[in-house]
Amino acid sequence: MLNEINQAKKVLLGNRKKGYTLPTNNKLYPAQWNWDSGFIALGYSHFNLKFALEEINTLLRGQWNDGMVPHILFHDLNTNYYPNHSVWNCGNKIRSSGITQPPILAIMLRKILEKIIIKNKDKFKIKSIIKKITKYHQWLLKYRDPKNSGLVSILHPWESGYDNSPLWDKPLNAIKIEKNLKYKRGDNKIINPDFRPLDIDYDRYVTIKNHLRKNKYDPKKLYQNSMFNVVDVGFNSIFLKANKDLLSLLKKFNLEYKDIQNYIVKSETQIEKLYDKRKKSFVNYDIKNKKKITAPSITNYFILFADLKNKLINKEIIKTLRKHNSKDKFFFSSIKPNNIKYEEKRYWRGPVWINCNWIIYQGLKDKDKKFANLVRRKTIDLVKKSGFYEYFDTNNGNPYGAKNFSWTASLFLDLILEKKYN
Ligand code: GLC
């Protein structure tokens, strides 16, 4: 055990640059990613609090003036990554992408602070982090839910974090690919193309990205006329949980919390509109095309993480979740294996992801302890068997994608060490 714990720490430290950590040490992701950094901060908090807070602080240094926290910060401008900083052509103090990612910072910060006694001299610094996160959440309220419906939209599949999920197939199919697109992918030169998105899907990602740029990333305009506008269950569940955690931090630090509190009340009831009573599961809503999206994605179960008060729905969801991988040795697969869209090796279209398991485990803990422990055990065993990889095969546990993957190492540490603090 000790050996694996040390290895996990080594992965994080090995990927660490000045003040932030790369998702992996190969060339696949040579920048700082938003939700990766949140997971990474949690991992550091088990052995180096300074690095944990620095990870978050560096990400927030890239915050835009309007409050948005970008999905990628390009600290190093000299890489072969596509789309790189010049293609995005935006950023505030740090060159960045022009979209965001699941807002997990408040969740991670609260978890980190629970473990420590905050010294008086650090209070000011932490308060300033909380204020920045609040500004970020307010940006989501204002620009991604302009009608104050209680649910926020994502305007690009990459904002979900599960970039290549079948959840996006229908809204992407409706997009007309830009004529004469010229770009050079880097990802499928580093990793087997069979494990990465198809070129046609990449063309669509790039088309949406170019459209955002053409509109100067103007959040007000883009909510109305973006080529892609989806209310995603996973993203909204994470945001609801993050708002709940932010509320607790705001109260603890005597900061204004009314807006966030009101929004939580609204989201808590509105999110139930995404519940499909017949399927006994949550589904996405495609605002652009006015259609439900029913792909059986594991991220639909992030609703458990949101800790809805509705006990009946929670119970039904857990029942459906048990069927997701009832016959498989390794779980949870990103897409239900009997689904037509399922692909064993392609990323986000089948394989197991440690961050998804971690999120669902957190959601199950106080609702079904036995099931939660099974998820925890299975996740730890999978990483022990196959290593700190990006994702894993549901059938045989084989590892795929990038090796020395930071969030796998981080969340492994958190799962294995959490008992100490409970
Ligand atoms: C991929 C994933 C995304 C992640 C990024 C860096 O793009 O889909 O969720 O943040 O890699 O690890």
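1. Start with terms. On a 1 Å grid over the protein atoms alone, a cavity is a set of points where a 1.4 Å probe fits but cannot get out. A pocket is an open set with protein on both sides within 12 Å along at least five of seven lines. Lining residues have an atom within 4 Å of a point. Grid points are joined across faces, edges and corners, and a volume is the space filled by probe spheres set on the points.

2. This is a predicted model, where local features need pLDDT of at least 70, side-chain atom pairs count only at pLDDT 80 or more, and totals for chains, interfaces and linings use all residues. Numbering runs from 1 along each chain as its sequence is written, and side-chain values use heavy atoms, without hydrogens and water.

3. The whole structure holds two cavities of 30 Å³ or more. The largest cavity has about 270 Å³ of space. Its lining has 23 residues, with Tyr 29, Trp 33, Tyr 81, Asp 163 and Tyr 347 nearest the centre. Helix 2 (34-44) and helix 9 (199-214) each give two or more residues to this lining (helices are DSSP runs of H or I, at least four residues, numbered from the N terminus).

4. The ligand sits in the largest cavity: more than half of its atoms lie within 2 Å of the grid points. Residues around the ligand (a heavy atom within 4 Å) include Trp 33, Trp 35, Tyr 347, Trp 348, Phe 405 and Trp 407. By class, this shell has eight nonpolar, two polar and two charged residues.

5. Check the polar contacts (N or O pairs within 3.5 Å). A polar side-chain atom of Asp 36 is 2.5 Å from a ligand oxygen. For Gln 101, a side-chain N or O atom lies 2.9 Å from an oxygen atom of the ligand. Gly 161 uses a backbone N or O atom, at 2.5 Å from a ligand oxygen. The protein buries 98% of the 310 Å² that the ligand exposes when taken alone (Shrake-Rupley, 1.4 Å probe).

6. The second largest cavity has a volume of about 100 Å³. Of its 13 lining residues, Gly 98, Trp 139, Arg 144, Tyr 217 and Leu 222 are closest to the centre. Helix 6 and helix 10 (219-225) each give two or more residues to the lining.

7. The largest pocket has a volume of about 330 Å³. It is lined by 16 residues, and Lys 27, Pro 30, Thr 79, Asn 80 and Tyr 81 are closest to its centre.

Notes: A polar contact is a pair of N or O atoms within 3.5 Å; within protein, one must be able to donate a hydrogen and the other to accept it, and residues adjacent in sequence count only if both atoms are side-chain atoms. Ala, Val, Leu, Ile, Met, Phe, Trp, Tyr, Cys and Pro count as nonpolar, Asp, Glu, Lys and Arg as charged, and the others, Gly among them, as polar.
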